[in-house]
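Here are my notebook entries from an afternoon with one protein model. Have the viewer open and follow along.

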Amino acid sequence: MRVGSDFSGVGAFDQALIRLGIEYTTVFACDMDKYARQTYIENYGEPKYYPENVYDREIPKEPLDIYMTSPPCQAFSIAGKKKGETDKRGVLFYNSHEFIIKNRPRYFIFENVKGLLSDDNGKTFQRWIDLLAKSVNGNPMIFPHDDSANYHVYHMVLNTKDYGVPQNRERIFIIGIRDDKDNSFRFPKTQHLTKRLKDILEETVSDKYKLNKNQLESIKGQHEHKEEFIADYRTDEGLRIRDYLAPCMTASMKKPDENMTRGNCVPFIKNGIIRTLTPRECFRLQDFPDTFKMPCSDSQMYKQAGNSITVGVLYNILKNLL
């Protein structure tokens with residue numbers, strides 16, 4: 001199977017294919033973050049073609065079996081400034097659209113934040129669908145766009161917690177199936193969550209993950225306006241390990257430094273010690289195996305985990321698709 005990916009990050013797509021036991025050839029991967037590239041190479045080897053910028057990336061003439069793309073989500077994220085397509089990162093969709101038009105992959109998969117659905121009162125998402133679809137969720141487009149890629153498109157918001165991982169992470173997935181292939185697809189059914197947040201914690205961690213009072217107050221000040229964090233900072237009891245879910249992993253999961261500059265970690269008390277999640281715990285919350293190598297600094301590994309796609313979600317999508 002021939003695959004390629006833009007905004008490849010640390011290879012959640014590769015992890016899902018490996019877990020499925022599928023033999024595949026990486027025609028290309030593409031990412032401009034040098035630290036993410038370092039982690040990718042450490043875990044999968046360097047692809048034969050590994051450009052940094054999607055605008056410099058050549059489009060292979062032979063159609064791929066699967067094209068995976070995850071344009072930067074900050075332009076649509078609630079945690080970001082929500083500039084949408086006025087943000088240069090918000091228009092990277094059109095680069096992926098060009099790739100699909102020219103390469104004609106058998107399948108494509110888009111992933112982005114749920115905020116994409118509400119950007120510009122839903123108009124941005126509708127433009128994406130108009131430019132991709134011949135049919136949407138099984139219903140034919142009555143007036144297809146002149147520049148449509150004419151794929152059978154399925155879209156749905158999926159939450160990590162519904163696929164075996166105790167993290168509350170909602171993402172929109174857009175699946176495309178080429179018109180000459182079986183165009184029937186169903187998103188994976190939700191699963192009963194049996195694993196809890198406390199199940200992914202390391203037993204012994206370095207003292208560097210402990211939080212002092214000043215750091216805790218700094219985190220509280222940054223997140224007090226977010227509803228999902230309020231309960232965690234009101235009392236010591238609120239800081240204790242929640243039985244079930246971690247909040248959504250972000251690219252700024254590191255704790256505040258000695259100067260109290262930005263940190264976005266998840267504090268909790270275990271055995272009387274206030275600490276934050278470790279990078280390994282964050283990758284476990286993205287469903288990466290413990291064999292996954294983490295060659296970069298903690299701050300970079302937190303960023304890479306927060307920017308990744310949850311492996312188990314992609315695994316279940318690909319299992320149904322293939």
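I count two strands as paired if DSSP finds at least two bridges between them. Helices (H or I, at least four residues) and strands (E, at least two) are DSSP runs, numbered from the N terminus. The model is predicted, and I held local features to pLDDT of at least 70 and side-chain atom pairs to pLDDT 80 or more, while totals for chains, interfaces and linings use all residues. Residues are numbered from 1 along each chain as its sequence is written, and side-chain values use heavy atoms, with hydrogens and water left out.

**Entry: the sheet.** In what order do the 8 strands of the open sheet lie? I read β2-β1-β3-β4-β8-β7-β5-β6, and the pairing is mixed. At the edges I found β2 (25-30) and β6 (139-140), each pairing on one side only.

Strand β1 (residues 2-6) runs parallel to β2, with 5 bridges. Within that pair, D6 has C30 of β2 as its bridge partner. β1 also pairs with β3 in the parallel sense, over 4 bridges, and there I saw G4 opposite Y67 of β3. Moving along, β3 and β4 run parallel and are joined by 4 bridges; I66 faces Y107 in β4.

**Entry: two faces of one strand.** In a regular strand the side chains alternate between the two faces of the sheet. I checked β3 with that in mind. Here "buried" means under 20% relative accessible area, "exposed" over 50%, and "partly exposed" in between (1.4 Å probe, protein chains only). I66 and M68 on one side, and Y67 and T69 on the other, are all buried, and both faces of β3 are covered.

**Entry: helix α1.** I call it a contact when heavy atoms are within 4.5 Å. Which residues of α1 are buried? My list is A12, F13, D14, Q15, A16 and L17. Their cover includes β1, β2, α2 (34-44), β3 and α10. Just after α1, I noted that G21 takes a positive phi of about 75°.

**Entry: helix α10.** Why do I call helix α10 (residues 311-321) largely enclosed by the rest of the structure? I call it that because 8 of its 11 residues are buried. They are V311, G312, V313, L314, N316, I317, L318 and L321. These buried residues pack against α1, β3, β4, β7 and β8.

**Entry: the cores.** A nonpolar core is a set of buried Ala, Val, Leu, Ile, Met, Phe, Trp, Tyr and Cys residues joined through side-chain atoms within 4.5 Å. The largest one has 45 residues, and I109, F173, L277 and L314 have the most contacts inside it. At least two residues each come from α1, β3, β4, β7, β8, α8 (279-284), α9 (298-307) and α10. I found that α10 gives the largest share, 6 residues.

Setting aside its neighbours within four places in sequence, its contacts include I66, Y67, M68, T69, F173 and L314. There is also a second, separate core of 23 residues, and F93, F99, F110 and L131 are among them.

**Entry: cysteines.** How many disulfides (pairs of cysteine sulfur atoms within 2.5 Å) did the search of the whole structure find? It found 0 disulfides. I looked at two cysteines anyway. C282 counts as buried because its relative accessibility is 1%, and C296 counts as buried at 12%.

Note on methods. A disulfide is a pair of cysteine sulfur atoms within 2.5 Å.
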